[in-house]
Amino acid sequence: MRIDVVTIFPAYLDPLREALLGRAVERGLLEIAVHDLRRWTHDVHQAVDDAPYGGGPGMVMRPQVWGEALDEVLPAGPQPARLVVPTPAGRPFTQTTARAWADEQRLVFACGRYEGIDERVLLDARARGIEVDEVSIGDYVLVGGEVAVLVMVEAVARLLPGVLGNPRSAAEDSFSDGLLEGPSYTRPETWRELAVPDVLRGGNHAAIARWRRDRALERTRDRRPDLLDALPPDALDAADRAV
Ligand SMILES: Nc1nc2cc(Br)ccc2s1
């Protein structure tokens, strides 16, 4: 997978060169290119924004600059690329989204600032046959799209083959079965007079699986009842429903 990010703050994306993702790039499991949007300005001030038509607070990012940037980063013609625009007004980004995008050959992220990007940039991209997803990582407003891109790139990249040491981690983490993950424990057996649950220290794998499922159901019911409601009718068996 190749990931391109267009931003006026390239250094915001430096964390993508660190740790697990940095090693995955070094190992050639994915490519990441970060582009400074100001490269496509032509004025001495390198202006990327202007006042909004219709008035109102804040500034809007200029279509000319974004248009030239995306023409270069996402050239016209048939291509398996997806343009992702983080915005508080977007559709929710979820683990389902991350899994779907993990199958893409190319993802291009456009980081908006201010009041956002002129709508015509997205209309033009769609008219050029590019899949455009406007997505939100949560019901809060950031100062720009860069932090949202860090979140989404990590959520997608960890699903790529070879990125995680143990592929089971991605298969069994929260949301993989529609539930939140339950509590985890490691050594020592007792810490500050708090003991690891006995069942986890025994060798009964069926009992351990049952205990973990029960804790996941309890936690999901307590913190995210909406996820339970969204499960398919046959997702919970009689033992699950007894929790
Ligand atoms: N939650 C989010 N807030 C923002 C703000 C801006 Br400005 C751009 C993208 C996003 S995504």
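Predicted model: local features only at pLDDT ≥ 70, side-chain atom pairs only at ≥ 80, totals over all residues.

Q: Okay, is Asp-4 buried or exposed?

A: Asp-4 is buried, because its relative accessibility is 1%. Its side chain meets that of Arg-2 in a salt bridge, 2.7 Å from N to O. A salt bridge here is a side-chain nitrogen of Lys or Arg within 4 Å of a carboxyl oxygen of Asp or Glu.

Q: And what about Arg-2?

A: Arg-2 counts as partly exposed, at 27% relative accessibility.

Q: How many salt bridges does the structure hold?

A: There are 20. One of them joins Arg-210 and Asp-214, with the closest N and O atoms 2.8 Å apart.

Q: Where do those two sit in helix α8?

A: Arg-210 and Asp-214 are four residues apart in α8 (residues 205–223), so about one helical turn separates them. Helices are DSSP runs of H or I with at least four residues, strands are runs of E with at least two, and both are numbered from the N terminus. In general, an α-helix has 3.6 residues a turn, so residues three or four places apart point the same way. Asp-214 is buried at 16% relative accessible area, whereas Arg-210 is partly exposed at 27%.

Q: Which residues are linked with them in a network of salt bridges?

A: The network links Asp-177, Arg-210, Arg-213, Asp-214 and Asp-240.

Q: Let's switch to the overall picture. How many helices and strands are there?

A: The protein chain has ten helices and nine strands. Its C-alpha trace spans about 70 × 40 × 40 Å along its principal axes, and 40% of its 243 residues are buried.

Q: Which residues of helix α2 are buried?

A: In α2 (residues 63–73), they are Val-65, Trp-66, Gly-67, Ala-69, Leu-70 and Val-73. They pack against several elements, including β1, β2 (31–36) and α4 (119–127). Contact means heavy atoms within 4.5 Å.

Q: Now the ligand. Which residues are around it?

A: Among them are Pro-86, Thr-87, Arg-113, Tyr-114, Tyr-140 and Leu-142, where near means that a heavy atom of the residue lies within 4 Å. The protein covers 95% of the 320 Å² of accessible area that the ligand has on its own. Those areas come from the Shrake-Rupley method with a 1.4 Å probe; for residues, only the protein chains shown count as cover.

Q: What lies 2.9 Å from a nitrogen atom of the ligand?

A: A backbone N or O atom of Tyr-140 does, and a backbone N or O atom of Leu-142 also lies 2.9 Å from a ligand nitrogen.

Q: Last one: where is Phe-9 found?

A: Phe-9 is in the loop between β1 (2–7) and α1 (19–26). With a relative accessible area of 36%, Phe-9 is partly exposed.

Definitions and conventions
Residues numbered from 1 in each chain as written. Heavy atoms only, no water. Buried < 20%, exposed > 50% of the residue type's maximum accessible area, 1.4 Å probe, protein only. Polar contact = N/O pair within 3.5 Å; in protein donor to acceptor, adjacent residues only side chain to side chain.
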